[in-house]
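This report walks through selected features of one protein model.

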Amino acid sequence: AGFTVYRSWDEPGGIRAELFDVARNNPNLVKLVVLGRTHQGRELIALKVTQGAPGIRDGSRPAVLYSSLQHAREWISLEVNRRLLHHFVDGFRANDPAVKNLLKSTELWFVVAANPDGYQYTFTNERLWRKNLRDNDGDGQISAVDGVDPNRNFDEHWGYDNEGSSPDPFSETYRGPAPASEPETRAMAGLIDRIKPKFQSNLHSFGQWLLYPQGWQVGTPDADNPLYVALGGTDANPAIPGFNPGQSADTLYVTNGETTDYADTNAGTVSYTPELGEGIPGAGFVFPDDEALIQAEFLKTLPFHLGLARSAVNPTAPVSP
Ligand code: 0X9
Ligand code: ZN
C-alpha cells in the first residue's frame with residue numbers, strides 16, 4: 001500500500017505470509033504455533049525457534065519470549081521484532097557459531113503481531129488505532145466505541161483501583177468486560193503459562209523507556225529486583241542506548257491488567273516493556289517508513305535482546321549486553 005518497508009498482515013507477501021514462509025523454509029529450526037483466533041478470525045501466531053524445534057517439547061528448554069504489536073499503531077515494534085527473528089534464523093542458516101550454540105540450549109519465542117486485527121485496521125481504516133477489534137456495541141462495524149486495550153486485559157490486578165485502565169468502551173485504555181476476555185490476551189497468557197519464559201521483551205512505542213513491573217502500583221517489590229537492573233541497566237548506563245530504565249508505574253504511569261505484570265507474577269518471568277523511539281523527533285507513533293531509521297532502531301536494541309537470550313540458561317547470573 002505504497003510503503004517501502006511496512007507491510008500489512010493480510011496482503012500477499014505480508015506479515016502473516018512471511019511467518020508461514022519462515023516456518024516452512026526452516027522445518028528443523030522453526031515451529032509455527034497458532035495460539036488462537038482474533039475476533040475477525042485471524043490466526044494468533046507464535047514461532048518457536050530452537051535447534052530441532054518440532055521434535056522438542058515446548059518449554060523444555062529455557063525460553064525467552066519476544067512479543068510486539070499489542071497496540072495496533074506501533075508498527076516499529078513489529079519491525080524490530082521481525083528483524084530480531086531473522087537475526088536468529090538467518091544466523092543459524094549461515095552457521096554463525098554464537099547463534100548455533102545458543103539455539104542448542106535455548107528456545108526463543110516470537111509473537112510479532114499480538115494484535116493482527118488492529119494492525120490490519122491501521123492499514124485499511126485508521127493509522128492511529130490502538131486497541132483490538134472487539135465489537136463492543138455489537139453493531140457489526142468498528143467505530144470509536146469498539147476495541148479493548150490488549151495491555152489492560154490480563155488477569156493480573158485487572159481494573160485494580162480503577163486507576164490506569166478504563167471501564168468505558170470509548171476509552172483508549174478500555175480494559176474489556178472481564179479479565180482475559182480477549183482472544184489476544186488468552187493466546188499470550190496461555191503461552192506464558194505454558195512455557196514460563198525466563199525473560200520477555202514486550203515491545204511498544206514510543207518514548208525510549210525500558211520499563212519493568214509492577215505497573216499496577218508504585219513501589220512494589222520488583223522495582224528492586226536486581227535482575228531487572230542487571231539486564232536493563234541504569235539511567236547512567238542503560239542496556240539500550242538513550243533509553244531510560246525503570247519500574248513502570250513509577251517511571252511512566254500506573255496501569256493494571258498489564259502483560260509484563262502478568263508474566264512476572266504468574267510465571268516468574270523477568271519481563272520488560274521497551275518503548276522504542278520515534279525515528280525522528282515529533283513522529284510519535286508514526287515511525288517513518290525509512291529503512292535506515294528502522295534498521296538503526298533494531299540494531300540499537302539488539303545487544304539488550306541478545307543479553308536476554310544468552311542469559312536464559314542461567315538467569316540468576318545474567319550475561320550483560
Ligand atoms: O500504556 C501502555 O500499555 C504502554 N505504553 S504505550 O504508549 N505503548 O501504550 C506502557 C505500559 C508500561 N506499564 C506501565 N507504565 N505501568
Ligand atoms: Zn503500546
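## Helix 2 against helix 9

Helix 2 (residues 75–93) packs on helix 9 (residues 291–311) at about 60 degrees, and their axes lie 9 Å apart. Axes are lines fitted to C-alpha atoms, for helices over the stretch in contact, and angles run from 0 to 180 degrees between N-to-C directions. Helices (H or I, at least four residues) and strands (E, at least two) are DSSP runs, numbered from the N terminus. Helix 2 and helix 9 are therefore oblique to each other. Angles under 35 degrees count as roughly parallel, over 145 as roughly antiparallel, 65 to 115 as roughly perpendicular and the rest as oblique. The crossing of helix 2 and helix 9 is right-handed. Right-handed means that the near helix is turned clockwise from the far one by less than a right angle; anticlockwise is left-handed.

Helix 2 contributes Ile76, Glu79, Val80, Arg83, Leu84 and His87; helix 9 meets them with Ile294, Glu297, Phe298, Thr301, Leu302 and His305. Contact requires C-beta atoms, placed from the backbone, within 7 Å. By class, this contact of helix 2 with helix 9 has 6 nonpolar, 3 polar and 3 charged residues. Ala, Val, Leu, Ile, Met, Phe, Trp, Tyr, Cys and Pro count as nonpolar, Asp, Glu, Lys and Arg as charged, and the others, Gly among them, as polar. An α-helix has 3.6 residues a turn, so residues three or four places apart point the same way.

## Basis of the model

The model is predicted: local features need pLDDT of at least 70, side-chain atom pairs count only at pLDDT 80 or more, and totals for chains, interfaces and linings use all residues. Residues are numbered from 1 along each chain as its sequence is written, while chains are lettered from A and ligands numbered from 1 in the order in which they are written.

## Helix 8

Helix 8 (residues 259–267) is mostly covered, with 7 of its 9 residues buried. A residue is buried if 20 or more other C-beta atoms lie within 10 Å of its own, exposed if 12 or fewer, and partly exposed in between. Those buried in helix 8 include Tyr262 and Ala267. The packing partners of its buried residues are helix 5 (183–195), strand 5 (199–205), strand 6 (209–212) and strand 8 (270–276). Just after helix 8, glycine 268 has a positive phi of about 65 degrees.

## Ligand 1

Around ligand 1 there are 15 residues, of which Asn151, His204, Gly215, Ser248 and Thr255 come nearest. Helix 7 (248–251) and strand 8 each give two or more residues to this shell. Near means a C-beta atom, placed from the backbone, within 6 Å. The shell divides into 5 nonpolar, 7 polar and 3 charged residues.

## Backbone and loops

Two cis peptide bonds deserve a look. Serine 205 to phenylalanine 206 is cis, with omega near 5 degrees. Phenylalanine 206 is in the loop between strand 5 and strand 6. Proline 213 and glutamine 214 are also joined by a cis bond, with omega about -5 degrees. Glutamine 214 sits in the loop between strand 6 and helix 6 (226–232).

Asparagine 95 is not a glycine, yet has a positive phi of about 60 degrees. Asparagine 95 is exposed, with 8 other C-beta atoms within 10 Å. Tyrosine 174, in the loop between helix 4 and helix 5, is buried, with 24 other C-beta atoms within 10 Å.

Terms used
Two residues are in contact if their C-beta atoms, placed from the backbone, lie within 7 Å.
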